[in-house]
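Welcome! Here is a short tour for anyone meeting this structure for the first time. Have a look at the sequence and the fold, and then read on.

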Amino acid sequence: MKENEENKRMIENKRFKIIAIFVLVFSIIIITIGIVRIISSKNKKISKESEETTINTQAEGNNTIEVVLPVKKEITDWRLTLVNKENPLPEDYKIELSNIDKTRQFDKRAIGELNTMLKDMKAQGIQNIWVQSAYRSVEYQQNLYNNSINKYLKQGKTTKEAEELTLEYLNKPGESEHNLGLAVDFNNVDEGFENTKAYEWLNQNAKNYGFILRYPEEKANITGIEYEPWHWRYVGKENAIKMNDLNMCLEEYIEYLETGNSLT
Ligand SMILES: [Zn+2]
């Protein structure tokens, strides 16, 4: 009996050992799988984080560049040359001119489109259109300016008063788009032009010939010039169409091209 019992116990011990080993091995496998999973997911997380960090760093880098050193794209398109009070024409600005008629001239590179536009207008029944003023040399503008100042000084005005009175109707030499050879004034150069068929036609079609209304009423605070329905500026067809689509004046459009920031 005792022997039998001992045998039984030995057998039970053996069973217990086998089960214990089995459980141990099983546990080790489970734990190993668990550890491997944890490690791999951690690695994934780390690599994801490092990706995000890179993106963040890049984004922060861009921001820093924008704030500290604004990267402005240089505009090399001659058709977009900006001339206003802040951007006078350089004194050595060279320009090749072609004749519109006996007394009026325009930039040689753009006169073809001006002529085609006028021809098409007339062909479509708008006869009452003519170029009153186009290119003016800086020298000519300087003479006009000096004469006006002298006239007021002789009348006993101070230099400051003479300057103010002159600037009411004349731009300083080099600050007029007419010095650039890319601007035209139509007909009588007065606000009545706004109510003509020619103006209506220009508003609809001028962009297709590369011309824009340079000083629109609603942009006077940006251009610094009051509404001039008679004054049209050549900027090239694709620019003119884009400016119309974006509803931007030249100052806004140049800013948009330089920085990529839309102001509207
Ligand atoms: Zn003008």
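## Burial and overall make-up

Of the chain's 264 residues, 19% count as buried, a label for residues with 20 or more other C-beta atoms within 10 Å of their own; 12 or fewer makes a residue exposed, anything in between partly exposed, and the C-beta atoms are placed from the backbone. Please keep in mind that this is a predicted model, where local features need pLDDT of at least 70 and side-chain atom pairs count only at pLDDT 80 or more, while totals for chains, interfaces and linings use all residues. Numbering starts from 1 along each chain as its sequence is written.

The chain holds eight helices and six strands. These are DSSP runs numbered from the N terminus: H or I with at least four residues for helices, E with at least two for strands. Read from the N terminus on, the order is α-β-β-α-β-α-α-β-α-β-α-β-α-α. Contacts mean C-beta atoms, placed from the backbone, that lie within 7 Å. Among contacts between residues at least 6 apart in sequence, 67% join residues at least 24 apart.

## How confident is the model?

The pLDDT, which is the predictor's confidence in each residue on a scale from 0 to 100, averages 84 over the chain, and 82% of the residues score at least 70. Residues 43–61 have a pLDDT below 50, and beyond near neighbours in sequence this stretch has zero contacts in the model.

## The four-stranded sheet

Four strands come together in an open, antiparallel sheet with the order β3-β4-β6-β5. Strands count as paired if DSSP finds at least two bridges between them. In general, strands of a sheet pair through backbone hydrogen bonds, either parallel or antiparallel. Which strands stand at the edges? They are β3 (131–133) and β5, and each has a single partner strand, so one side of each is left without a neighbour in the sheet. From one strand to the next, the twist averages 45 degrees, with axes taken as lines fitted to C-alpha atoms (for helices over the stretch in contact) and angles running from 0 to 180 degrees between N-to-C directions.

Now for the pairs themselves. β3 and β4 are joined in the antiparallel sense over two bridges: Ser133 has Asp185 in β4 as its bridge partner, and Val131 stands opposite Phe186 in β4. β4 also pairs with β6, again in the antiparallel sense, over three bridges. Here Ala183 stands opposite Arg233 in β6.

His231 is another residue of β6. His231 is partly exposed because it has 19 C-beta neighbours inside 10 Å. Leaving out residues up to four places away in sequence, His231 touches Ala183, Asp185, Arg214 and Tyr215. The C-alpha atoms of His231 and Ala183 are separated by 6.8 Å, although the two residues are 48 apart along the chain.

## The nonpolar core

A nonpolar core is a set of buried Ala, Val, Leu, Ile, Met, Phe, Trp, Tyr and Cys residues joined through C-beta atoms within 7 Å. In soluble globular proteins, nonpolar side chains tend to be buried together. The largest core here has 32 residues, and Ala206, Phe211, Ile212 and Trp232 touch the most other members. At least two residues of this core come from each of α2 (111–123), β4, α5, β5 (211–213), β6 (231–234), α7 (237–246) and α8 (250–259).

What does Ile212 contact, leaving aside its neighbours within four places in sequence? Its partners are Ala206, Lys207, Trp232, Arg233, Val235, Ala240 and Met243.

Gly156, with a positive phi near 95 degrees, follows α3. Within the helix sits Gln142, which is partly exposed, with 14 C-beta neighbours inside 10 Å.

Most residues other than glycine have a negative phi. Asn187 counts as partly exposed, with 17 C-beta neighbours inside 10 Å, and Val189 is partly exposed with 14 other C-beta atoms within 10 Å.

Key
Contact = placed C-beta atoms within 7 Å.
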